[in-house]
Amino acid sequence: ILTEADYQPVRLLSLLRKIQAQYRHIPAEAIDYLAEALQIPRTQIIAVVEFYSFLHLTPQGRYDILISDSITDRMLDKENLLGYLSSMLKVNPGEVRADGLVSLNNTSCTGMCDQGPAGLVNGLPLTRLDRPRIDQIAASIERQLPVSEWPDYLFAVNDNIYKAGLLLNAPIAKGAAITGAFNRGLAATLAELDRSGLRGRGGAGFKTAAKWRFCAEETAEHHYVVCNADEGEPGTFKDRVLLNSHADQVFEGMTLAAAIIGAKQGFLYLRGEYLHLFDKLQAVLQQRRADGLLGENILDLGLDFDIEICLGAGAYICGEESALIESLEGKPGIPRNRPPYPVTSGYLNQPTVVNNVETFLAAAKIAVQGGDWFAGFGTDKSAGSKILSICGDCARPGIYEYPFGVNIEQILADCGATDVLGVQIGGPSGTFISNKEFKRQLAFEDLATGGSFIVFNDSRNVLDIVQNFTHFFAHESCGFCTPCRVGTSLLKKQLDKIIDGHGSAGDVVELESLCQLVKSHSHCGLGQTAANPILTTLQRYPDLYQKRLKNISYEPGFDLDGALETARRMARRNDAGAHLSQVED
Ligand code: FMN
């Protein structure tokens, strides 16, 4: 299953994915073989396998089912459906059935929140799960029907575009951005990008022209372009739609970046959950090569550039740009120390531009339409438009594009949301706003977002939401730095304790100070934002937390007296002196 080009350590992740697809795990023999072939230690390979949730050292079922555990899936009855699936297949979540036919587990958001509850079977998306669909799935598995012969409707993934704007309307012609840039001149095109005011769409909002300029100015043997399609933030799925329906424009933006920074090689880092897009994207790339838009001497302009697609393997942290680069190099996705930033030392320590999918698409359009066109929309500090992935309690979950500056009220009206309690802007790492704040604007200067927009109506419990998000961060922490590794799991425990009714006033104080510690001491953006769900809701709904507390200064997280039961039985004592309340007296 390996080709000659595979025998490089940077290919390790893709090699492991291939082996996993074939054998349903990474056998010890494969590890020995790879260690020898790639000349790397076995431990390094095992570290990679253990890091990525889609790779396993022990065999998974022939049908490996993962159910998305995003808050929106839960709101669509995911927990009951998982229970039903588990009973139909006679396998518990987290286990492989004894006959090895099927394995079942939870996974973090699969990027199908507009058509959930969702899941994956052998890496392919299952959408709109309900009992009849689960019956169909269970029957197909028991009949051992290959997944390729399952009914198509189980795998249907719709774009659900409800509102198109600057970027989604009027796609540019193939090659238009590249020829436009060369006709204008590359320096003038970079100036045009600068004038557009385009800022990164992945969340942080760094100015795109400045990033490309810094990278271009670095002298090095190679420069690289990387498109970040990891899209792991729960509630975000707009890059899935852009890649499904506008891939040409995204690749055009990457080629434009290559021309400006002097790169010959680009990578699209596609999250493992979007495996279903892989072949389609390969076909788009192949067509672009045939059209002279990729490869050597593109459009006779003297530009050499090609793009390779690399699949992730189920790790949210790999969306962080330096972790993504590590992953591209075949390593665990552990964020690097910054500086140096990727623009000076990125892939293989060479200058690298990493941009979000939407950023590349916007750059391509700007190269054709001009900077002033783009800057004519949006606000002073947030030029242009933003594509949102809207999901949760609304009549029309899907994709909406707005000029920056739009207020929340307008968006809620458009997507058909009523009786709204609040909205999570920017996913779990973003901000929860209450229904008193719906005049606020979507813009870098007010509410910034990478695209996730989750609506909650007034039947929802804020603490359930916070609990789901806090568990997500604890699960996804890469484990590298102590404040995040230990901090996120302490946050989870402390929050659970309060929600389960075992908290005291002191616990809320401790929770808050733990939040500040994780936020200020973590190595990367994951830990620095992991406490946001707690902090933003503590600020808005302190009463909700207070109502769960016991009216005492200290309450243990478990039943101390109950814990002595075994000792009492062994000592054959059950008198008052053998109970904890007696000891306290
Ligand atoms: N940026 C993305 O474009 N997609 C992602 O899925 C993504 N996930 C991230 C996850 C974490 C934990 C962190 C800290 C950051 C993430 N980012 C993501 C932001 C990237 O690090 C980086 O800022 C972005 O890719 C830069 O592109 P832009 O300037 O076009 O926004």
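Predicted model: local features only at pLDDT ≥ 70, side-chain atom pairs only at ≥ 80, totals over all residues.
**Helix H5**

- Let's start with the length check: H5 covers residues 78-89, and its 12 residues at 1.5 Å each should span 16 Å, which agrees with the 16 Å between its end C-alpha atoms.
- Which residues of H5 are buried? They are Lys 78, Leu 81, Leu 82, Leu 85 and Leu 89.
- Looking down the axis of H5, you find those buried residues within an arc of 105°, so they line one face of the helix.
- On the face turned away from the buried side, H5 carries Asn 80, Gly 83 and Ser 87, which are exposed.

**Shell around the ligand**

- The ligand is surrounded by 22 residues, and the closest ones are Gly 200, Gly 202, Gly 319, Asn 356 and Gly 525.
- By type, the shell splits into 10 polar, 6 nonpolar and 6 charged residues.
- Which elements supply at least two residues of the shell each? Strand S11 (352-356) and helix H20 (525-530) do.
- S11 gives the most, with 3 residues.
- At the domain level, domain 3 (162-375) and domain 5 (463-547) each put at least three residues into the shell.

**Cis peptide bonds**

- Gly 116 and Pro 117 are joined by a cis peptide bond, with omega at about -5°.
- As for location, Pro 117 sits in the loop between S3 and strand S4 (119-121).
- Another cis peptide bond links Pro 339 to Pro 340, and here omega is about 0°.
- Pro 340 belongs to the loop between helix H13 (321-328) and S11, and S11 is the strand that gives the most to the ligand shell.

- Gln 39 isn't a glycine, yet its phi is positive, at about 60°.
- You'll find Gln 39 in the loop between helix H2 (28-38) and helix H3 (42-51).
- Is Gln 39 buried or exposed? It counts as exposed, because it has 9 C-beta neighbours inside 10 Å.
- Leu 348 is another non-glycine residue with a positive phi, near 50°.
- Its place is in the loop between H13 and S11, the loop that also holds Pro 340.
- With 15 other C-beta atoms within 10 Å, Leu 348 comes out as partly exposed.

- Ala 173 lies in the loop between strand S6 (161-163) and helix H7 (176-184).
- Why does Ala 173 count as exposed? Because it has 12 C-beta neighbours inside 10 Å, and a residue with 12 or fewer is classed as exposed.
- How far apart are Ala 173 and Lys 365 in sequence and in space? They are separated by 192 residues along the sequence, while their C-alpha atoms are 9.8 Å apart.

How values were computed:
Residues numbered from 1 in each chain as written. Near = placed C-beta within 6 Å. Helix = DSSP H or I, 4+ residues; strand = E, 2+ residues; numbered from the N terminus. Nonpolar A, V, L, I, M, F, W, Y, C, P; charged D, E, K, R; others polar. Domains from an automatic or database assignment. Expected span 1.5 Å × (residues − 1). Buried ≥ 20, exposed ≤ 12 C-beta atoms within 10 Å, placed from the backbone. Arc of directions from axis to C-beta.
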